[in-house]
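Here is a brief report on charged side chains.

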Amino acid sequence: MTTQNQDILIPEITPELKRGPQWLQDKRNSSKESYNNTPIPRRGLHLWRYTDPTTFVVDKAEVADATFRTDLDNVIESELALLQNGHSSAFVLDKAGRDITFNLADNLVKDGIVISKLSDAVETHSELVNKHLYSQVNSESGKFEAMNSALWNDGIFIYIPDGKSVAQPIHLLRESGMDNSAQFPRLLVVVGKNSEVTIIDEYSGGSETQSDNMSLTNSAVEIFGDNDSRTRYISLQRNSEGAKVYLAHRAKAQQNATVLTVPLAFGAAVSKQNFGVTLNGEGADSKMYGLLFGGGHQHYDNHTLHHHTVGKTTSDINFKVVLKDKANSAYTGLIKIENKAKTCEAYQENRNLLLNRGCKAETIPELEILNEDVICSHGATIGPLDPEMIFFLKCRGINQTEATRMIVSGFVATTLKQVPDDLKEKIAEFVTKRLEDI
Amino acid sequence: MSDIKPILEFKDIHVEVEGKEVVKGVSLTVNPGEIHAIMGKNGSGKSSLSNALMGHPAYTITNGEAYLKGKSILDMEADVRSRAGLFLAFQYPLAIPGVTVANFMRAALKSHRGADADMSDFRKLFKAAMADLSIDQSFATRYINEGFSGGEKKRIEVLQMSMLNPAMALLDETDSGLDIDAIKIVSEGINRFQNENNGVLMVTHYQRLLNFVKPDKVHVMMDGKFVMTGGPELALKLEESGYEWLNEEKTGV
């Protein structure tokens with residue numbers, strides 16, 4: 001392995017570059033050119049101060065065929081049970097962006113809702129795909145977004161036609177391969193006018209320990225919410241402890257559309273995730289409720305963006321971080337309001353709880369407000385648990401450890417209100433487990 | 001002279017906050033069935049005393065002894081003091097986001113009963129205790145003290161007291177911020193709780209609450225010391241003449 005600290009170009013002969021119709025191949029090739037011509041970002045560069053960019057460089061030629069974790073079958077079984085019991089509308093298993101299988105509730109198909117391989121959608125819904133694919137995450141977004149744009153093998157396409165509502169969540173399980181694997185999953189979601197959908201986008205698997213052969217997952221997500229649509233998108237990153245994760249998400253909310261984005265992160269060794277919503281029509285509203293809980297030596301680097309391009313739009317971000325052991329997190333939150341976007345409201349809050357001395361958090365609020373006719377606020381805190389809260393609980397007989405668990409569970413619960421019940425329980429269990437050894 | 005064991009007994013207690021002595025040697029004995037009141041102006045040290053007795057880490061007891069039912073408590077953490085039977089109702093109860101009143105109460109009661117205790121009676125007890133204090137059942141699933149009015153917070157404090165049923169209750173300015181109806185409900189709660197086996201120590205600025213909960217003894221605190229002790233009439237005299245009267249009384253002017 002000679003991948004350390006140096007750039008590795010995507011070779012001309014990479015088979016992914018030949019996938020799809022000509023227009024797509026052209027896009028892939030121009031993305032490849034862009035990747036190859038873009039130097040590795042310097043560490044001082046904006047958004048790269050906290051994570052070494054060479055983490056996400058991969059020597060494609062040396063990536064082995066993926067093998068997967070052994071308990072995957074059990075997971076699949078319980079997910080299919082949820083589908084059968086009507087707790088979900090669809091379960092999609094995306095193995096390393098290569099082998100994607102679909103299980104859909106009958107009524108979805110009847111309603112004309114499309115959940116398919118992106119490679120199929122390129123043919124069956126060519127107009128929609130052509131219009132929206134690469135419209136938000138593309139070679140101009142950054143070097144590693146260009147990498148995904150060139151190298152995605154296959155992805156997932158979700159289309160909710162106008163006036164349709166999907167009652168139960170659509171669950172995507174994006175399974176990464178173990179050591180030496182690299183995957184470039186891609187998701188395109190188009191939510192029609194006055195339609196409604198909830199998507200749980202779960203990332204799991206990957207390398208289980210840190211080594212020179214850690215798995216890389218580089219994912220791109222594009223969501224388009226047409227007028228009056230209601231989209232809930234929950235991103236759950238619970239990759240294994242040796243995984244490297246790079247995720248770029250962008251959503252667009254048209255007139256009176258609402259978008260709820262819930263970035264949840266618990267896994268991976270290194271995880272750099274970027275969530276952004278563009279408010280692109282009057283009355284559009286975006287809410288983002290993030291939560292990450294790091295332990296061990298986990299490293300998190302999260303960005304959020306609320307971009308108001310049109311007036312009379314509203315946004316709210318509440319991003320919570322809990323850290324223990326030697327975990328660290330950097331959060332950069334940008335609110336950008338264009339000059340012509342008058343009478344917008346935008347709020348941002350980032351709270352960081354440090355459960356012991358060894359962990360570390362950074363918070364970087366950024367505001368680019370180009371007109372004065374807006375209401376905007378941001379707040380951030382970093383610190384240990386409030387000793388007064390601990391004292392209050394102790395005064396009622398609850399010991400220090402149990403008090404800590406209660407306060408953290410409470411801190412987390414206010415975000416978990418936003419996710420469907422089945423998932424909420426799963427995450428609460430996970431949080432309880434992570435709090436066992438404090 | 002008697003074999004009655006005091007519920008709470010403390011001797012020559014000195015308390016420091018941030019290196020400054022705020023309680024300068026106070027002693028008190030609360031026998032079973034007794035209600036005591038400590039009255040004093042803001043800054044007299046009365047809240048510091050109750051926080052220190054409960055084991056707040058910011059209030060250091062630099063000298064003195066304190067016993068709960070004959071057992072020394074000063075080496076105990078606050079949670080151990082609570083399980084031993086000491087209770088502090090807060091002047092400003094804190095909000096804990098995401099923790100519901102029901103979950104909080106269940107955890108508190110469980111800690112008192114022990115980890116393996118049967119909690120199957122919890123719902124019934126909890127509902128009854130809420131009804132006694134005219135607390136709407138919807139509060140069970142609200143986050144504790146978050147967005148509660150002053151009166152609601154104090155009622156929830158008394159709810160905790162009645163469910164944990166401590167041997168000794170310290171009530172820190174439990175009447176502050178309450179309108180007259182709320183004072184009645186809260187004081188009924190205190191009176192229901194109070195019996196011949198437990199002790200109550202109320203810390204208050206005004207004697208208002210003492211109209212509803214009759215103290216056996218009133219101690220007046222000034223500048224970190226008890227300067228006068230008497231019966232309930234002392235509270236009335238203070239209400240009438242103000243703390244200035246006491247200054248004159250004390251200094252003989």
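## Charge pairs and a charged patch

A:Arg174 is buried, at a relative accessible area of 2%. The model is a predicted one.

One salt bridge joins the side chains of A:Arg174 and A:Asp94. This pair links distant parts of the chain: A:Arg174 sits in strand β5 (residues 170-176) of chain A and A:Asp94 in strand β1 (residues 90-95) of chain A, 80 residues apart. A:Asp94 is buried because its relative accessible area is 1%, under the 20% limit.

A:Asp201 also meets A:Arg174 in a salt bridge. A:Asp201 belongs to strand β8 (residues 196-205) of chain A and A:Arg174 to strand β5 of chain A, so the pair ties together parts 27 residues apart in sequence. A:Asp201 counts as buried, with 0% relative accessibility.

A further salt bridge pairs A:Asp285 with A:Lys287. Here A:Asp285 is buried at 15%, whereas A:Lys287 is partly exposed at 30%.

| Salt bridge | N to O distance |
|---|---|
| A:Arg174 and A:Asp94 | 3.4 Å |
| A:Asp201 and A:Arg174 | 2.6 Å |
| A:Asp285 and A:Lys287 | 2.9 Å |

Over all chains, the count is 30 salt bridges. A network of them links A:Glu79, A:Glu202, A:Arg238 and A:Lys426.

B:Arg106, B:Lys110, B:Arg123 and B:Lys127 form a positive surface patch. Helices α3 (101-113) and α4 (122-132) of chain B each supply at least two of its residues. B:Arg123 lies in α4 of chain B. B:Arg123 counts as exposed because its relative accessibility is 59%, over the 50% limit.

Technical notes. Residues are numbered from 1 along each chain as its sequence is written. Chains are lettered from A and ligands numbered from 1 in the order in which they are written. This is a predicted model: local features need pLDDT of at least 70, side-chain atom pairs count only at pLDDT 80 or more; totals for chains, interfaces and linings use all residues. Side-chain values use heavy atoms; hydrogens and water are left out. Patches are made of residues with over 30% relative accessible area and no salt bridge: like charges are joined within 9 Å, nonpolar side chains (Val, Leu, Ile, Met, Phe, Trp, Tyr) within 5 Å. Accessible areas come from the Shrake-Rupley method with a 1.4 Å probe; for residues, only the protein chains shown count as cover. A salt bridge is a side-chain nitrogen of Lys or Arg within 4 Å of a carboxyl oxygen of Asp or Glu. Lys and Arg count as positive and Asp and Glu as negative; His and the chain ends are not counted. The place of a charge is taken as NZ of Lys, CZ of Arg, CG of Asp or CD of Glu. Helices (H or I, at least four residues) and strands (E, at least two) are DSSP runs, numbered from the N terminus. Buried means under 20% relative accessible area, exposed over 50%, partly exposed in between (1.4 Å probe, protein chains only).
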